[in-house]
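Visitor: Could you take me through this model? I would like to begin with its surface and then turn to its charged pairs.

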Amino acid sequence: MRLTLRRPPLPPLPLTLLTTAALVCIPAALLLAFPRRSASGFERLLPVAALLQSFPVEPSQAPPPLWRQRLGRAGAARLWAAQRHLWWQFWGAHGDAGAFLALRAPANLPLPANSLRVDDLLVVAPDPLARQLLQQQLKVRRRPPRGLALRCVQLLRQGQAVHWSAGAVAQMLGPLAPLAEDLEEGCLQLSSQGTVLRWQGEADASEGSLADQPQPLSAPAAQPLPAGQWLELRGRSLDLLLRGLLSSPVVRQSLGQTYGLGPGPLRLLQAMPFQLRLQPVASGPYRAGLQLQLEVGRGVTVLETWLADLSRALRDQGLTESHPVAGLSAWSREDGSLAGGWRWLPGRQQLLLFLGPVPTSLPLSPPLVEASWRLRLRPQPMAKAGLLPAELPPVVRRSQQLVLVGRAAGARPGERQSALAGQLDLR
């Protein structure tokens with residue numbers, strides 16, 4: 001028996017045309033509805049900017065000083081009136097070169113002096129050398145931003161925000177930068193209400209983090225520092241402060257050989273909850289007194305052994321010990337000035353280390369609830385006393401109080417990610 005395969009009949013011509021049209025038009029419609037993400041100058045500027053910040057445009061007001069400096073009075077007024085949403089400023093790796101201005105401008109606009117096009121942005125450099133350096137950096141091919149960097153790009157496009165890199169941390173904090181090792185790259189979304197500037201965002205200990213976005217941290221309560229106190233840093237683990245310092249072999253060697261703080265006691269200290277306080281001193285050789293209060297827990301014996309080793313090291317350096325009250329060890333220099341010391345608090349579950357005068361009282365500090373650490377400080381008096389890095393932004397140095405809270409959010413080994421929130425009182 002022979003089987004014959006018959007060719008199916010062809011569909012009518014109108015049906016064929018409709019099918020072909022659908023196969024062509026549906027993908028085209030999808031491309032129009034969900035277009036490919038357009039190129040953005042931020043994706044190229046972010047890797048070369050130490051600090052990048054977005055600002056809202058207010059056409060009813062005069063152009064900001066940076067606009068007049070970079071574009072001239074007439075050019076600034078013309079372009080400022082044409083802006084509708086945001087503008088940006090950023091600093092490169094060499095912050096002393098000055099700020100770059102970035103804005104959206106018509107493609108047919110003649111380029112102002114020291115400017116260049118970066119995709120959808122017009123960027124105006126502070127001088128010809130800075131423009132040339134930026135142009136060379138932008139020639140380097142880099143992969144598109146991902147993870148933390150991509151989220152920062154989106155924030156900078158949408159509203160008031162700031163992104164920073166490790167270079168900015170080093171520029172602003174100088175020798176204090178190791179204390180902020182967990183905040184090397186990050187971004188914050190900014191908002192203001194009256195004289196208070198608030199923020200919420202994230203940071204990571206390494207640049208180029210691909211970790212998922214952490215759960216947002218609630219805004220901190222407005223709890224001003226007690227009178228007569230300049231700074232308070234409270235954390236669940238002293239490792240927050242020690243990790244960056246201990247990354248230096250010279251520091252580890254000095255702590256071990258000079259002060260008897262070997263690996264065992266160090267590991268114990270790193271795990272202890274702590275409070276660090278700075279208080280002004282009205283007279284004497286010190287401008288401020290520093291206090292470190294530790295929750296010792298079961299480490300009393302280990303710390304007592306270390307304090308005995310520390311006492312011998314201080315005697316070898318020519319310091320003299322005094323015991324005005326039980327549980328207090330105060331150390332003075334040859335001229336009689338008090339250098340510092342330590343004191344066991346009642347119950348011997350907490351140890352207070354201090355530099356400067358003997359503390360006469362211990363201010364009460366609100367407990368940590370949601371955060372892993374909390375920083376509160378009064379920038380204005382600290383700046384007047386010369387105790388803040390000069391490179392901090394002027395808006396921070398002039399403020400009455402700053403509050404910054406963080407929560408460790410790394411879920412996998414090696415991740416050191418933080419959710420951040422805070423506020424700045426500009427009164």
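Guide: A term is needed before the surface is discussed: a nonpolar patch is made of residues with over 30% relative accessible area and no salt bridge, whose nonpolar side chains are joined within 5 Å. Please note that this is a predicted model.

Visitor: Which residues form a nonpolar patch on the surface?

Guide: The patch consists of Leu-176, Leu-179, Leu-245 and Val-251, which together have about 280 Å² of accessible area.

Visitor: Where is Leu-176, and what is its relative accessible area?

Guide: Leu-176 is placed in the loop between helix 6 (166–173) and strand 7 (185–193). Its relative accessible area is 40%, so Leu-176 is partly exposed.

Visitor: And the protein as a whole: how many helices and strands?

Guide: There are 12 helices and 18 strands. Of the 427 residues, 44% are buried. The accessible surface of the protein is about 23700 Å², and carbon and sulfur atoms account for 59% of that.

Visitor: On to charges. How many salt bridges does the structure hold?

Guide: The structure holds 14 salt bridges. One of them joins Asp-182 to Arg-243, with the closest N and O atoms 2.7 Å apart. Asp-182 is in the loop between helix 6 and strand 7 while Arg-243 is in helix 7, so this pair ties together parts 61 residues apart in sequence.

Visitor: Is Asp-182 buried or exposed?

Guide: Asp-182 counts as buried because its relative accessibility is 14%. Arg-243, at 25%, counts as partly exposed.

Visitor: What else does Arg-243 pair with?

Guide: Arg-243 also forms a salt bridge with Asp-239, where the closest N and O atoms are 2.6 Å apart. Both residues lie in helix 7, 4 residues apart, about one turn of the helix. Asp-239 has a relative accessible area of 15% and is therefore buried. Through shared partners, salt bridges join Glu-181, Asp-182, Asp-239, Arg-243 and Arg-416 into one network.

Visitor: How does helix 7 pack with helix 9?

Guide: Helix 7 (residues 239–246) and helix 9 (residues 263–270) pack at about 140°, and their axes are 9 Å apart. Helix 7 is therefore oblique to helix 9. Asp-239, Leu-242 and Leu-246 of helix 7 make the contact with Leu-266, Leu-269 and Gln-270 of helix 9.

Definitions and conventions: Residues are numbered from 1 along each chain as its sequence is written. This is a predicted model: local features need pLDDT of at least 70, side-chain atom pairs count only at pLDDT 80 or more; totals for chains, interfaces and linings use all residues. Side-chain values use heavy atoms; hydrogens and water are left out. Patches are made of residues with over 30% relative accessible area and no salt bridge: like charges are joined within 9 Å, nonpolar side chains (Val, Leu, Ile, Met, Phe, Trp, Tyr) within 5 Å. Accessible areas come from the Shrake-Rupley method with a 1.4 Å probe; for residues, only the protein chains shown count as cover. A salt bridge is a side-chain nitrogen of Lys or Arg within 4 Å of a carboxyl oxygen of Asp or Glu. Helices (H or I, at least four residues) and strands (E, at least two) are DSSP runs, numbered from the N terminus. Buried means under 20% relative accessible area, exposed over 50%, partly exposed in between (1.4 Å probe, protein chains only). Axes are lines fitted to C-alpha atoms, for helices over the stretch in contact, and angles run from 0 to 180 degrees between N-to-C directions. Angles under 35 degrees count as roughly parallel, over 145 as roughly antiparallel, 65 to 115 as roughly perpendicular and the rest as oblique. Contact means heavy atoms within 4.5 Å.
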